[in-house]
Amino acid sequence: LGAMPRFRPACSLATAAALAALLARETGGAAGAAGAAGAGSASGATVGGPTEDCWGGDFNKELCCATRWGLVGNPVCWDAEYTYLRCCGLDAFPRRPADDAAWDAERRARPPRDDDGEYDFVVVGAGSAGSVLAARLAAAEAPDGQPWRVLLLEEGAESAAEDPADPDKLPMDPALWRVPLNATWQAGGEQRTWAYASGRGLGGTSSINSMIYMRGSVTEYEAFGWKPDDVIEAFKSLEAPMEVPGFVADDRYHRPFKDGLTDGSEGYHLTLVSALPEELPPLFRALLLAFGAAGVPPRLDPHAGPSMHGVGGVWRSMGCDHPRCQPSRVPRFRSALGRPRASPHVAILTPLRQRPRQRLTVRTGAIAERVTFGEGGRATGVEVSIGGQDGEVAERRRVFYRATKEVIVAAGTFNSPKLLTLSGVAEPRELERLGIPLVASSPEVGRNLHEHVGLSIVVGTSVKCPEGYHRADEKGGTTHLGNTDEFIGQIYAFLNTTKETPGAPGPLDAEVMLIEGCVEGFLSLTFTVMLLQSYTRGRIIVQSRNPSTPPHLEYHPLSHSADIDLLANVIRRLYTQVFSDRALEPFEITASPPWDVVADMAKLARWIRSSIWYYSHPGGTCRVHRGDDLPGVVDSDFRVRGTKGLRVVDASVLPVSPTGHTDGPSRLVGELAARAILKEWGNPEEEEEVAPAHGDLSSMALHGYRGVRMPLCGFGTNGYEGQRAISSVSHFLRIGGRMLDTALLYNNHRDVAAAIRTSGVPRAELFIVTKIPPGDMGFDEATAAIDRAVAELGTHADLVLIHWPSNFDPKAPLPACARGAAASWQACRLATWRAMEAAHRSGKARALGVSNFGVRHLDDLLAAPERSLPVAANEVELHPWWPQPALVQYCRERRIALLAYGSTGGSLIGGAMLRAGQVQQVAAARGRSPAQVLLRWAVQQGVAVIPSSSSEAHVVENLDVLSWELTEDDMNSLSVAKNERMRVYMPDPEN
């Protein structure tokens, strides 16, 4: 039984009516009316009905948009061309305008504090994925040798008592649980409601769940863009298993062992609750035989292979109670009770926070309001309300946290799409409806909600219950397994019901969980059948731009008829192949529902609809993009498409439900995301690679500023003003040049801006360098200078430099920071650098560097505790007569790019250098001009050059220095003896 074929309902009204009748027979009204689930009456402004591009005149709104299907539409219409919003309109979407008004008043009354701290990474959410991610980032070193600065924001409390989930009652403690979201629909004329609650506080739901830990089938992750070997290595790095009698772990799937223990690396403890056949009583041995005969083989370790196909025990995220606690295997759940919970927060994050050198900051009671963005769609930070645990924004303090590298949203399946929407990343029409400015169009945000649903079959036996079975313990409570020292088995089976290849790699259809109990003195077996690959999809709908307003949950279980077919197939397989097996005959099996219901598809479908339940394993609302046929919100490295510096890292990225429960896959997502992020930001060798950019030009990465690349050949604008600047610079740009070097002292920013407009070259292709002169040094002065430069250029700068001059005019007034007994030029440079970092955070400067800094000045700046961003570049005089080998080596070792001026001698002695004998000889041998030889000498050492010329022919020549090379003999012949070396631009004596 496969999925129902998806097709375009290009049909007449007559065929539509016939199709609707067929659909009614298949589903029997299981989905019910959307009015019951549609959050009551929609109020407030909406943006109208369907667009005109829904299959043209063939679109049948009555078929696809009928209220009985809710706000996701008729599953038979689900298709790459169909979304409810686009084809049925927004009129039915819930809105809460009163919450909008309250939020607007709050924002006006109390804007967020301008800056409550700056971090490299800001992580929103401390659940399974967020805890792993924050711990991994904080444990790693940045390229400068210091730990990354990581901020972890969590809505709940720092610590709270652990509370295992109880499916028989709604969560009540607000310190542990968020307010539930209700999914409401009609089933057989009866309104039903499921209350979805998730955990809050450090650890999230992993601190209150039932501690069942499953990886899922490793091979299924390949469809998400993650290689199976990488997935296995990620899981191995997270877990800390132990070799014990009766369980020899396969080191292909677990960490290698040493003297029975793992290698000592951190990881959360796991206990394998799984029995060997000889440890089982007769009834359970017979069950394993019956499952084996049905093609579901017994196995001890569900993680000892690429697929979880088979029947046996399961891992649980719990350890033991001594310092060297390592997981072990126990044959029954009862012997594992009382072990401490091993959530990622407890096992990985808490030990890290106790290290003296880490720079991890945790803020609890923090509600993320929105992610902020700068120029180019780059995430710059998070606005947060922070304070007590009551969740009332009006009683809390509003702050802003800056992120210099990335913002990572790990708020969970329900809240991550909500935060993206509040931040302007969603379907444009939904944002328009909410009055939220668009940052990036991402129509899949909030859609594709999937869940594990299932039901229970009760099987009676002739086995008498052991004495004391299922009786109250000394404290008056019970467990679902009772209180007894007799054997209590727990068995999990993973089935593939749609293929005749048991154990084949890939997703499995169903999980069957066995729990035992007593009925009238005889052992009863409850087989809980969980549908692992449901075709039904729901969605999250943001009702207000107020961050405190919960989203609306729209989910109609079994609305896709294929789900009923799959569940029916699993049930029938259990009845006909397992319960009927000869091995179980001595135990006089009886089952509910009775056999006659299972044999009649109509009766079985009605029973399935009336018995269906959920297991709180939602995902998919920010799903991974898996190709053009399945659009998504994030790529396989969790980057939000259409933005920069923003990722989503939690179960919401899972495009389909994983095999088994979602805590393990969520931890995996955190680990894989950490590896992807550290690969991007922590691999300087990869960053330093010179790669093509801007057509036929080449560029170098600026260390510490991800995505910023500086072309190797540019145009220096010193001395170019007015029409001369406009004509020369625009010609340079039109023939393919892309880097422009200017400075406030050059007094030509407006002319450069005019040249850019004249050239017609898009701003995104340009690289603009500007410099702050000594007279504008100091924090306030430099801030004003950068603002002036940005205003005159009409755009941001790609590289801002502290311009320490070669010749400082002694008659020029000193800046305030250099006057007085306690003042110094060193203090001026540090104050200026702090102003430049502020400009970088605000998007006015993409990268920062210096000009004319020697080793001593660089040492001072690099050692300054006030500096938090790398020095990306140093613009210096460099040519064969002034090669500065010590400075070049110093900068290379610290990954500081060099940008050379005066490479051809400049206007002072340029003629002499160009006429030098060795330059003329090399030029003749290579068929190049002397200027090209001198420029190539610098470029061949990985140094960028910025020559200038009013001659159009010379500008063309100067650009052509990247497609050819000087030989080693050429480079040697251009070397100048030390006693003949000289510099063109003399230094200031005070420098």
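Visitor: Over which residues does pLDDT stay under 50, and how many contacts beyond four places in sequence does the model have for them?

Guide: This is a predicted model, and its pLDDT stays under 50 over residues 321–327, a stretch for which the model has 19 contacts beyond four places in sequence. Residues 389–394 also have a pLDDT below 50, and for this stretch the model has 19 contacts beyond near neighbours in sequence. For the chain, the mean pLDDT is 79, with 77% of residues reaching 70 or more.

Turning to the cysteines, a search of the whole structure finds three disulfides. In one of them, Cys64 is joined to Cys77 with an S to S distance of 2.0 Å, and the link is left-handed, at -85 degrees about the S-S bond. This pair links distant parts of the chain, since Cys64 lies in helix H3 (residues 61–64) and Cys77 in the loop between H3 and helix H4 (84–88), 13 residues apart; both cysteines are buried.

Another disulfide joins Cys65 to Cys88, S to S 1.9 Å, and is left-handed, with -80 degrees about the S-S bond. Here Cys65 sits in the loop between H3 and H4, while Cys88 belongs to helix H4, 23 residues apart, and both are buried.

Cys817 and Cys828 form a disulfide with their sulfur atoms 1.9 Å apart; the torsion about its S-S bond is about 110 degrees, so this disulfide is right-handed. Cys817 lies in the loop between strand E33 (797–803) and helix H20 (825–841), and Cys828 in helix H20, 11 residues apart, with both cysteines buried.

Methods: Residues numbered from 1 in each chain as written. Predicted model: local features only at pLDDT ≥ 70, side-chain atom pairs only at ≥ 80, totals over all residues. Heavy atoms only, no water. pLDDT = per-residue confidence, 0-100. Contact = heavy atoms within 4.5 Å. Disulfide = S-S within 2.5 Å. Helix = DSSP H or I, 4+ residues; strand = E, 2+ residues; numbered from the N terminus. Buried < 20%, exposed > 50% of the residue type's maximum accessible area, 1.4 Å probe, protein only.
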